Amino acid sequence: MKLRILLADDHEIVRRGLCALLQKHEGWEVCGEASDGRQAIEMAKQLKPDVVIVDIGMPHLNGLDTTRQLLQYDPNFKVIVLTITDSDQIIREALDAGARGFVLKSDAARDLVSAVEALQSKRMFFTPRVNDLVLAGFLEKGHAISRNEPPNLPTLTAREREVTQLLAEGKSSKEVATVLNLSTKTVETHRSNIMRKLSLHSIRDLVVYAIKNNIIQIQMPPQVQRPTETTMA
Amino acid sequence: MAVRILLVDDHPIVRQGLRTLLEGRPGWEVVGEASDGIEALEKVESLQPDVVVLDITMPRMNGLEACRLIQRKTKASSLEVLVVTQHDSPQMMREALEAGARGYVVKSNAARDLLEAVEAVSQHRVFTAMARGPQGSY
């Protein structure tokens, strides 16, 4: 019986690359592709894949919250997180969310097959940096990184994090209500609670909070040095 | 029409996705890959592609710098550069066109726009498409 894999990434071109990579492996099949976290959860419930590969930086519902919700629904889901950065904070959040694999997108062509094989053999797969961090936590505290130390999101509920992401992506309360199938009034209440809990005073503050805490990710433009002879058209 | 293409992106998985898409087109050939701007310059010289599909945010040398240098090096040739980037920004598109790119496609829509864009730039037509705005080929 084939190992069934669900892919979740908002870039179709990345999904095509991942598909091409995974389907070369005999005995594996990509059973579904999702372009955001919300769709990934729906598809995972329907398709019951053996492995779910989620990008962290997805719109509507990021990969970390997708992982949390998937494992809350069924703790047997095996999730590999794909990320563009392996900062300590991202690593801690991914582990805390329950991911069993952690692969840098830049290294996916090299590491992803090994990661899926590890999960297939009921093992975990992490990059060397994650292993170092886990080991350091173990040596310091006598145990692996504690699940009781989430970084900066201690006070928000799962629903509040969803609302935070959608507001930070620029959606109005009405649009958030439509996405989450809630009333606008309920969204407004969540919004007030979020602002109060986090001591924020504006949507701008909320966006900054969302970026700092990896709820949304942004791509910075390169520092461009223009040649002196360049003229504007 | 035969088109020889060089892919430049620092993520192998993105190059694989682009390759899968482009190689489905009869007559088009991905002749090489590069993972940053410096490697792109070397491969442009050695492989002489017709079209360079170029990412912007890359280590060592970003795509805008690479594009300018490719244009300087290949003034007399018919090589064209198509930028494929995450930056869904009119300002970045303008920078890319000023650097000498003939086309600009946003990565989130690459699966939709890439084939049309490569076809356009290989015929020396401009192709630009933002993720949310109108696209144009002229």
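Domain bounds come from an automatic or database domain assignment. The model is predicted: local features need pLDDT of at least 70, side-chain atom pairs count only at pLDDT 80 or more, and totals for chains, interfaces and linings use all residues. Residues are numbered from 1 along each chain as its sequence is written, and chains are lettered from A and ligands numbered from 1 in the order in which they are written.

**View 1. The two domains of chain A.** Domain 1 of chain A covers 3–141 and domain 2 covers 158–212. Their C-alpha centres lie 26 Å apart. Each domain gives 7 residues to the contact between them; two residues are in contact if their C-beta atoms, placed from the backbone, lie within 7 Å. On the side of domain 1 that touches domain 2, there are 2 nonpolar, 3 polar and 2 charged residues. Here Ala, Val, Leu, Ile, Met, Phe, Trp, Tyr, Cys and Pro count as nonpolar, Asp, Glu, Lys and Arg as charged, and the others, Gly among them, as polar.

**View 2. The sheet of chain A.** Chain A has 10 helices and 5 strands, which are DSSP runs numbered from the N terminus (helices H or I, at least four residues; strands E, at least two). An open sheet of 5 strands runs in the order β2-β1-β3-β4-β5, with parallel pairing; two strands pair if DSSP finds at least two bridges between them. At the edges stand β2 (28–34) and β5 (101–104) of chain A, each with a single partner strand, so one side of each has no neighbour in the sheet. From one strand to the next, the twist averages 20 degrees.

**View 3. Strands β1 and β2 of chain A, and helix α5.** Strand β1 (residues 3–8) of chain A is joined to β2(A) by 6 bridges, and the two run parallel. Opposite A:Leu6 stands A:Gly32 in β2(A). Helix α5 (residues 108–120) of chain A packs on the sheet and touches β1, β3 (51–55), β4 (79–83) and β5 of chain A. The direction of α5(A) makes about 175 degrees with that of β5(A); axes are lines fitted to C-alpha atoms, for helices over the stretch in contact, and angles run from 0 to 180 degrees between N-to-C directions.

**View 4. The contact between chains A and B.** Chain B supplies 24 residues and chain A supplies 21 residues. On chain B, the elements giving two or more residues are α1 (12–22), α3 (63–73), α4 (90–98) and α5 (110–122). The largest share of this side, 8 residues, comes from α1(B). The side of chain B that touches chain A divides into 10 nonpolar, 9 polar and 5 charged residues.
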